[in-house]
Amino acid sequence: MLEQVRLLNRRVADLEAHVMRLQAENDHLVAAVHDGRLLTVNEALREPASV
């Protein structure tokens, strides 16, 4: 049982680190949007696909 607790603690630490990386990436993307550095989608591509 102690080993399971250790494994779960490690998993929690890994997930927390992953969340931090995702938050940093999100912050970077938000900054890029505000700076106008991200690509925009052509209006023709925004229309639903015709069947």
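**Exercise 1.** Classify Glu3 as buried or exposed, or in between, in this predicted model.

Solution. Glu3 has a relative accessibility of 45%. Buried means under 20% relative accessible area and exposed over 50%, with partly exposed in between (1.4 Å probe, protein chains only). Glu3 therefore counts as partly exposed.

Residues are numbered from 1 along each chain as its sequence is written. Local features need pLDDT of at least 70 and side-chain atom pairs 80 or more, totals for chains, interfaces and linings use all residues, and side-chain values use heavy atoms, without hydrogens and water.

**Exercise 2.** Find the salt bridges and place their partners in the helix.

Solution. A salt bridge is a side-chain nitrogen of Lys or Arg within 4 Å of a carboxyl oxygen of Asp or Glu. The structure holds two. Glu3 pairs with Arg6 at 3.5 Å, N to O; both lie in helix α1, three residues apart, about one turn. Arg10 pairs with Asp14 at 3.2 Å, N to O, and these two are four residues apart in α1, again about one helical turn. An α-helix has 3.6 residues a turn, so residues three or four places apart point the same way. Of the second pair, Asp14 is partly exposed at 31%, while Arg10 is exposed at 53%.
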